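Reader: I have not looked at this one before. Can you walk me through it?

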Amino acid sequence: RRVAVCRELTKRYEEIWRGYVSDAVAYFAEPRGEFTLVIEGGLPETAPASASDVASAIESMRGDGTPARAAVAALVARFSLPRREAYRLWHAKDA
């Protein structure tokens, strides 16, 4: 992962180093001072949901009589969809 290593911030000899974690370990072999690390986030662990999975979930919730607000919230939580996209998919079935 990429990382930004900030040393001695707000002081006269502040230093900001950017690179990869493995390179940072070598660069700062003998660390001194105060450090702040900013580490890049990891990749999502699950594969994105297929369109058929989302469609079947919508049909199931419609069959159960789930209200639109609750259904959209469930789609967002279950499939990690943006709220607008979940709303659009829910209401696309109305047409």
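Predicted model: local features only at pLDDT ≥ 70, side-chain atom pairs only at ≥ 80, totals over all residues.

Reader: Strands, then. How many bridges are there between β1 and β2?

Author: Strand β1, residues 2-7, and strand β2, residues 15-20, pair over 6 bridges in the antiparallel sense. Within that pairing, cysteine 6 has isoleucine 16 in β2 as its bridge partner.

Reader: And how many bridges join β1 to β3?

Author: There are 5 bridges, and these strands run antiparallel. Valine 3 stands opposite isoleucine 39 in β3.

Reader: Switching to rings. How many aromatic pairs are there?

Author: The count comes to 4 aromatic pairs. One of them is tryptophan 17 with tyrosine 27: the ring centres are 5.5 Å apart and the planes are at 25°, under the 30 degrees cut-off, so the pair is stacked.

Reader: Where in the chain are those two?

Author: Tryptophan 17 is in strand β2 and tyrosine 27 is in helix α1, so the pair links distant parts of the chain, 10 residues apart.

Reader: Is tryptophan 17 buried or exposed?

Author: Tryptophan 17 counts as buried, because its relative accessibility is 14% and the cut-off for buried is under 20%. Tyrosine 27 has 46% relative accessibility and counts as partly exposed.

Reader: What about tyrosine 27 and phenylalanine 28?

Author: Their ring centres are 4.7 Å apart with the planes at 80°, so that pair is edge-to-face. Phenylalanine 28 is buried, with a relative accessible area of 14%.

Reader: Which residues do the ring pairs link into a cluster?

Author: The cluster holds Trp17, Tyr27, Phe28 and Phe35.

Reader: What sits over the ring of tryptophan 90?

Author: The charged end of arginine 62 does, 4.2 Å from the ring centre.

Reader: On to charges. How many salt bridges?

Author: The count is 5 salt bridges. Among them is the one between glutamate 15 and arginine 7, where the closest N and O atoms are 3.1 Å apart.

Reader: Which side chain meets lysine 11 at 3.1 Å, N to O?

Author: That is glutamate 8, in a salt bridge. Glutamate 8 counts as buried at 15% relative accessibility, while lysine 11 counts as partly exposed at 39%.

Reader: And which one meets lysine 11 at 3.3 Å?

Author: Glutamate 34, also in a salt bridge. Lysine 11 lies in the loop between β1 and β2, and glutamate 34 in the loop between α1 and β3, so this pair ties together parts that are 23 residues apart in sequence. Glutamate 34 is exposed, with a relative accessible area of 51%. Salt bridges with shared partners join Glu8, Lys11 and Glu34 into one network.

Reader: Last topic, the surface. Which residues form the nonpolar patch?

Author: Val21, Val25, Phe35, Leu37 and Ile39 form it, with about 450 Å² of accessible area together. The elements that give two or more residues to the patch are α1 (21-27) and β3 (35-39).

Reader: Which element gives the most?

Author: β3 does, with 3 residues. Leucine 37 is found in strand β3, and it counts as exposed because its relative accessibility is 52%.

Reader: Why would a strand have side chains on both faces?

Author: In a regular strand, the side chains alternate between the two faces of the sheet.

Technical notes
Residues numbered from 1 in each chain as written. Heavy atoms only, no water. Patch = residues over 30% accessible without salt bridge, like charges linked within 9 Å, V, L, I, M, F, W, Y side chains within 5 Å. Areas by Shrake-Rupley, 256 points an atom, 1.4 Å probe, with all protein chains shown as cover. Salt bridge = Lys/Arg side-chain N within 4 Å of Asp/Glu carboxyl O. Helix = DSSP H or I, 4+ residues; strand = E, 2+ residues; numbered from the N terminus. Buried < 20%, exposed > 50% of the residue type's maximum accessible area, 1.4 Å probe, protein only. Pairing = 2+ DSSP bridges. Phe/Tyr/Trp six-rings, centres within 6.5 Å; stacked < 30°, edge-to-face > 60°. Lys NZ or Arg CZ within 6 Å of the ring centre and 35° of its normal.
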